[in-house]
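Visitor: I would like to go through this model with you, one question at a time. May we begin with the display?

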Amino acid sequence: MQPVAVLVTHRAHQGQRDAVRAIWEEYLAPVVTSNPGHLSYAYCFDDADPDVICAFQLYRDADAAAAFQLEPGYAAYEKAVAPLLIGAPSVRRLTPQWTKTPAGS
């Protein structure tokens with residue numbers, strides 16, 4: 001199985017980044033936490049732009065990446081957050097060439 005990485009970049013309406021994070025924490029944080037297909041997930045604020053959010057996701061494989069988008073919490077998140085975002089996110093799929101794994105993995 002080949003791991004899959006995804007980099008998602010959102011642009012929030014001015015001053016709405018914290019509101020977007022609150023919605024992410026409500027809808028997606030629990031789904032990500034309980035998802036065995038996520039090997040790693042980092043929800044990040046861009047230090048150079050106060051309205052940009054990036055999420056780096058590392059999945060076990062392509063099937064796990066596809067399954068995450070079918071989670072009911074994912075659809076609920078997209079609906080709740082849409083009014084706070086400017087347009088669709090930028091989504092880049094990446095093929096990891098090397099990753100650091102926790103000791104004992």
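Visitor: P72 is found in a helix; does P72 count as buried or exposed?
Guide: This is a predicted model, in which local features need pLDDT of at least 70, side-chain atom pairs count only at pLDDT 80 or more, and totals for chains, interfaces and linings use all residues. Residues are numbered from 1 along each chain as its sequence is written, and side-chain values use heavy atoms, with hydrogens and water left out. P72 belongs to α3, where helices (H or I, at least four residues) and strands (E, at least two) are DSSP runs numbered from the N terminus. Buried means under 20% relative accessible area, exposed over 50% and partly exposed in between, with a 1.4 Å probe and protein chains only; because its relative accessibility is 64%, P72 counts as exposed.

Visitor: How far apart in space are P72 and V31, C-alpha to C-alpha?
Guide: Along the sequence, 41 residues separate P72 from V31. In space, the C-alpha to C-alpha distance between P72 and V31 is 9.1 Å.

Visitor: Why does A29 count as buried, and how far in space is A29 from G73?
Guide: A29 is a residue of helix α1. Because its relative accessibility is 18%, A29 counts as buried. A29 and G73 lie 44 residues apart in sequence, and their C-alpha to C-alpha distance is 9.4 Å.

Visitor: Which residues is W24 in contact with, leaving aside its neighbours within four places in sequence?
Guide: Contact means heavy atoms within 4.5 Å. With the neighbours within four places in sequence set aside, W24 is in contact with A29, V32, Y41, Y43 and Y77.

Visitor: How many bridges join β2 to β3?
Guide: Two strands pair if DSSP finds at least two bridges between them. A hairpin of 6 residues leads from β2 to β3, and C44 has C54 in β3 as its bridge partner. The two strands run antiparallel, and the bridges between β2 and β3 number 7.

Visitor: Which residue in β4 stands opposite V8?
Guide: β1 pairs with β3 in the antiparallel sense over 8 bridges, and A55 is the partner of V8 in β3. β1 and β4 also run antiparallel, joined by 5 bridges. In β4, L7 has R92 as its bridge partner, while V8 stands opposite V91.

Visitor: Of the 5 residues of β4, what number is buried?
Guide: β4 lies largely in the open.

Visitor: What is the space in the largest pocket?
Guide: On a 1 Å grid over the protein atoms alone, a pocket is an open set of points where a 1.4 Å probe fits, with protein on both sides within 12 Å along at least five of seven lines, and lining residues have an atom within 4 Å of a point. The lining of the largest pocket has 26 residues, with V8, Q57, Q69, Y74 and V91 nearest its centre. Grid points are joined across faces, edges and corners, and a volume is the space filled by probe spheres set on the points. For the largest pocket this space is about 430 Å³.
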